[in-house]
Amino acid sequence: MARGRKRKPGKRLPCGKRPREETQREAMSTVLEARQRHYGVTARQAKDERLGTAMGRLAFAGHLSADQYAAGQLYGEIMARHRAVMGLPMDQPRSVTALLINEGIFGGSAPEPDPELVERVRKQAASAILMLRTADSDAPGMVGRKPSLLVHALVCQDADAAFWSPADLRNLGHGLDALCRLFRISSGCGLVSSA
């Protein structure tokens, strides 16, 4: 007679453990089910990686063009690189351990970055911030929040924009269009939906 709990069915490694691929597959199925539930999409649509971020969900819903989405992603990469090079904590730490490592409390410290790299990253971040501030001042019929605040909240802080007002979505599009011009992303920038 066998002792203990009954074994779960499925393939096993020679040591008796279940392979990790199955648990990754199970985790992905949980994510897909949650996306279907939360965003009301089909199983096929739930596999779209854009649903993983607030900006991606706006692009998926058709509120942002592909160029605006690309400009937002590039802005997010530049700002994350800037924070890392300047030794600032992440906008969104994914875990307590990551936060402790970032602060140098746990896991040692990173080597000092090259001064040329620091200068280049600072210039890229400064030009992006300046372009967004310019978009703040030349936003048409400035109603709602400033484009720079909206872009930063959506891209860097992953603020959910599902219930933003039409004026805020227009201003967000204006800020992302300014980034399209800065990054020289295709001429097809523009807010897709006016709602």
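**View 1. Looking for disulfides turns up 0 of them.** Welcome to this model, which is predicted. A disulfide is a covalent bond between the sulfur atoms of two cysteines. With sulfur atoms required to lie within 2.5 Å, the count here is 0. Is Cys15 buried or exposed? Cys15 has a relative accessible area of 60%, so it is exposed. Cys156, by contrast, is buried, with a relative accessible area of 10%.

**View 2. Helix H3 packs against helix H6.** Here you can follow H3, residues 66-85, to where it packs with H6, residues 147-155. The angle between these two helices is about 75 degrees, and their axes are 10 Å apart. H3 and H6 are therefore roughly perpendicular to each other. Which residues of H3 and H6 meet? On the H3 side they are Gly72, Tyr75 and Gly76, and on the H6 side Val151, His152 and Val155. Sorted by class, this contact of H3 with H6 has 3 nonpolar residues, 3 polar residues and no charged ones.

**View 3. Helix H6 also packs against helix H5.** Stay with H6 and turn to H5, which spans residues 115-137. The axes of H5 and H6 are 7 Å apart, and the packing angle is about 135 degrees. That makes H5 oblique to H6. From H5, the contact uses Leu132, Ala135 and Asp136, while H6 brings Pro147, Ser148 and Val151. The contact of H5 with H6 has 4 nonpolar residues, 1 polar residue and 1 charged residue.

**View 4. The largest nonpolar core has 26 residues.** Which of its residues touch the most other members? They are Tyr75, Val151, Leu154, Leu172 and Leu179. Several helices share in building this core: H2, H3, H5, H6 and H7 each supply at least two residues. H7, residues 166-183, gives the most, with 6 residues.

**View 5. Leu154 has contacts well beyond its sequence neighbours.** Leu172 joins Leu154 among the core residues that touch the most other members.

**View 6. Helix H2 is largely enclosed by the rest of the structure.** Why is H2 described as largely enclosed? The reason is that 6 of its 8 residues are buried. Those buried residues of H2 are Ala54, Met55, Gly56, Arg57, Leu58 and Ala59. Just after H2 comes Gly62, with a positive phi of about 90 degrees.

**View 7. Asp158 and Arg184 each have a positive phi without being glycine.** Where is Asp158 found? Look in the loop between H6 and H7. Phi of Asp158 is near 55 degrees, and at 26% relative accessibility this residue counts as partly exposed. Arg184 lies in the segment after H7, and its phi is about 55 degrees. Arg184 is exposed, with a relative accessible area of 75%.

Conventions. Residues numbered from 1 in each chain as written. Predicted model: local features only at pLDDT ≥ 70, side-chain atom pairs only at ≥ 80, totals over all residues. Heavy atoms only, no water. Axes fitted to C-alpha atoms, helices over the stretch in contact; angles between N-to-C directions. Helix = DSSP H or I, 4+ residues; strand = E, 2+ residues; numbered from the N terminus. Parallel < 35°, antiparallel > 145°, perpendicular 65-115°, else oblique. Contact = heavy atoms within 4.5 Å. Nonpolar A, V, L, I, M, F, W, Y, C, P; charged D, E, K, R; others polar. Core = buried A, V, L, I, M, F, W, Y, C linked by side-chain atoms within 4.5 Å. Buried < 20%, exposed > 50% of the residue type's maximum accessible area, 1.4 Å probe, protein only. Lists of a residue's contacts leave out its neighbours within four places in sequence.
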